[in-house]
Amino acid sequence: MNLDDRLDALLGASGQPAASNPDDDDARALAPLLSAARRLMPLRDAQPAADFAGRLERDLLALAAGRATNARPSHVGMRAVADSDEPTLPLLVPQAARGSNERAPRAALPRWLRSLPAEASVRGHRTRRSATLPVWARALAAACMLLALGSGLFAAAANAQPGSPLFGLHQVEQWARVSLSSPADKARLHLQYASDALAALDRAVAQRSGDPAYASALATLQSELNAAATAIAALPAGQTHDALATQLATFQQRARDDLRAALPGLGWSDRVATTAALGGLGESVPHVIGAAIHEIAGRDAQAAAHGTHAVQVVVSGSGLVAGARLVVNGQPMGTVLSVTDGTLVAQVSLDPSLVGRVVSIGVENPDGTAAQTSAIDHGAAVTPTPAATATPTPHHGGHGGHG
Amino acid sequence: MQRLTWPPELPFSLVLERARALDSTALGMLYRRFLPVVYRFALGRIGEPHAAEDITSETFSAMVEQIGALRAQDELGFSAWLLSIARNQAAMLIRRKQTRREQFGELPEARQPHAVAEAGDPLAVLTARESLSETVAALNRLTEDQRAVVLYRCVLGFSTEEVAELLGKQAGTIRALQFRALASLARLLGTNPDTSPADVGAYGVRPAASARRRGRHEPRR
């Protein structure tokens with residue numbers, strides 16, 4: 001074996017130098033090279049800062065969402081991302097792209113303000129400056145807002161809650177206030193608005209208000225949290241930054257606790273949206289990438305007797321745990337045959353009226369978190385498998401939550 | 001460090017297909033899986049966490065913008081594509097730094113390399129910072145191919161065969177590049193305790209038959 005091969009063997013399959021063997025002549029000769037390789041080991045353990053990683057992920061997903069709404073479907077049979085199961089923001093809520101916390105809810109603005117250029121796509125996490133309205137536009141907008149605030153319409157909107165028809169107008173007022181604030185005050189305002197949204201969400205849960213109050217409050221909470229995080233990140237290092245960062249972290253924990261507590265009482269679609277929000281707050285939650293429906297070759301006797309259609313459903317994703325159940329079109333059904341972190345396999349006896357009309361397939365973990373997808377493929381037929389212990393399908397509780 | 005692998009029960013091709021359609025879940029999964037890979041590569045090229053974050057950010061932004069046209073179907077193909085973007089971003093940043101005549105490879109006082117040294121131990125932190133700076137400076141004196149092989153093998157943990165596929169070369173060529181690269185690094189970093197032009201062979205390695213040991217090492221340059 002020549003020295004090239006010997007060195008490669010000593011580095012192993014993963015490029016990590018083996019411990020030196022004093023009896024090995026080749027290892028002794030190659031010791032300086034192995035020492036040089038060991039100098040690279042600290043790089044193997046390097047991790048990006050957690051706050052940087054979180055911010056970058058949010059920005060990238062916002063970039064993708066912006067591109068997806070302008071993209072045409074690339075595959076026949078697949079829904080465009082605009083119809084995806086990620087919770088969509090109400091039209092009047094600013095997007096969470098970096099530096100965009102001052103963007104106005106465009107639909108509610110006067111036409112002359114709507115004609116201003118939109119922010120460019122998100123690039124360069126640290127070195128780019130955010131696109132903001134010119135100072136004169138902000139001042140003029142503020143003057144208009146001050147005049148408008150004198151009217152009864154804005155007075156009524158000032159107390160509007162998520163789900164109310166006047167809530168959009170309320171958000172315009174909030175945008176005006178934010179746009180005239182200092183950077184630190186922007187962060188404080190966004191934290192306050194996030195806190196208001198969480199309070200509204202808690203009320204909606206307690207009063208079993210359901211959609212749209214809950215969904216609107218949840219979307220506002222996510223948007224304001226993202227805007228607060230962006231505003232805090234833009235502050236220079238110092239006491240103010242640290243204090244606001246601590247406030248944000250404390251509030252995020254409160255939000256996680258409240259969202260978890262809300263899960264059991266929610267309808268299916270609100271549960272999916274809440275799970276996505278928990279994922280955005282750093283919680284470990286299920287994700288569903290896609291699903292496939294396979295015909296079962298030959299119909300088992302029981303299915304034939306009941307006039308049902310037996311299929312096998314395979315759900316792909318991550319974060320799936322033992323005890324998870326299959327949910328089809330917002331209703332739990334079927335018998336789960338196997339569950340791993342990335343795959344759930346279930347056998348379902350579909351009512352004939354549902355055949356060809358399955359629009360969403362999801363998974364619900366025992367802790368109430370849930371995810372679903374509308375990307376459903378129809379695969380090749382499979383042979384019948386023995387049914388595992390049936391997954392109990394209790395009556396699906398909760399309020400609101402139209403699927 | 002565990003080299004990145006994809007869960008066998010979750011087809012990478014399925015995730016990639018959904019990511020091409022800009023599905024946020026799929027993109028998030030790719031991001032979380034490959035973030036350490038890109039960051040470590042960038043840190044190995046630049047040696048400064050702030051700049052490495054810039055490169056990482058630019059790389060993933062390009063990923064989102066260009067993934068629709070990506071033809072790769074498997075994890076290694078995707079890795080090759082993503083790392084080529086990172087390599088280009090790093091090269092552009094280095095050219096900009098050279099143009100501005102900034103000193104390359106030194107870490108600002110305010111930033112510490114993450115997970116390189118134990119917190120609360122100033123001497124260890126300082127030592128780690130200087131060591132990383134010296135290592136990256138030495139890496140940048142290698143040829144591009146040598147540097148890529150060393151980073152992919154010793155930092156990112158790819159096997160020789162995988163590096164060959166990533167770089168479009170034969171495995172034997174990769175082993176030869178690896179040998180020359182580590183020999184050059186040994187010379188530049190002073191990890192060869194008995195280095196002198198008369199004593200070493202063509203690649204800076206003392207032949208085993210004439211190996212001699214001394215009581216102390218040469219001081220680092």
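## Helix α3 of chain A against helix α8 of chain B

In this predicted model, helix α3 of chain A, residues 31-38, packs on α8(B) with axes that come within 8 Å and cross at roughly 85°. The crossing angle falls in the range from 65 to 115 degrees, so α3(A) is roughly perpendicular to α8(B).

On the side of α3(A), the residues in contact are A:Pro32, A:Leu33, A:Ala36 and A:Ala37. They meet B:Phe179, B:Leu182, B:Ala183, B:Leu185 and B:Ala186 of α8(B). By residue class, this contact consists of nine nonpolar residues, with no polar and no charged ones.

## Helix α1 of chain A against helix α8 of chain B

Helix α8(B) also packs with helix α1 of chain A, residues 3-11, at an angle of about 80° and with the axes 9 Å apart. That angle makes α1(A) roughly perpendicular to α8(B). From α1(A), the contact takes A:Leu3, A:Asp4, A:Asp5, A:Leu7, A:Asp8 and A:Leu11.

What is the division of residues in the contact of α1(A) with α8(B) into nonpolar, polar and charged? The contact holds six nonpolar residues, one polar residue and four charged residues.

## Salt bridges

Side chains of opposite charge can pair when their charged atoms come close. Over all chains, the count comes to 14 salt bridges. One pair is formed by the side chains of A:Asp5 and B:Arg175, at 3.8 Å from N to O. Because A:Asp5 lies in helix α1 of chain A and B:Arg175 in helix α8 of chain B, the pair joins two chains.

Between chain B and chain A, the count is five salt bridges. The side chains of B:Glu134 and A:Arg39 meet in another salt bridge, with an N to O distance of 2.9 Å.

## The interface as a whole

The contact between the chains involves 63 residues from chain A and 68 residues from chain B. About 6,000 Å² is buried between them, and carbon and sulfur atoms give 61% of this area. Within chain B, the residues that lose the most area to chain A are B:Tyr31, B:Glu65 and B:Phe179, which together account for 10% of what that side buries.

Across the interface, 14 residue pairs are in polar contact, with both residues at pLDDT 80 or more. On the side of chain B that touches chain A, the elements giving two or more residues are α1 (12-20), α2 (24-46), α3 (49-66), α5 (122-139), α6 (144-155) and α8 (171-189) of chain B. Of these, α2(B) gives the most, with 14 residues. The residues on this side of chain B comprise 34 nonpolar, 17 polar and 17 charged.

Technical notes:
Residues numbered from 1 in each chain as written. Chains lettered and ligands numbered in written order. Predicted model: local features only at pLDDT ≥ 70, side-chain atom pairs only at ≥ 80, totals over all residues. Heavy atoms only, no water. Contact = heavy atoms within 4.5 Å. Buried area = accessible area lost by both parts, 1.4 Å probe. Salt bridge = Lys/Arg side-chain N within 4 Å of Asp/Glu carboxyl O. Polar contact = N/O pair within 3.5 Å; in protein donor to acceptor, adjacent residues only side chain to side chain. Helix = DSSP H or I, 4+ residues; strand = E, 2+ residues; numbered from the N terminus. Nonpolar A, V, L, I, M, F, W, Y, C, P; charged D, E, K, R; others polar. Axes fitted to C-alpha atoms, helices over the stretch in contact; angles between N-to-C directions. Parallel < 35°, antiparallel > 145°, perpendicular 65-115°, else oblique.
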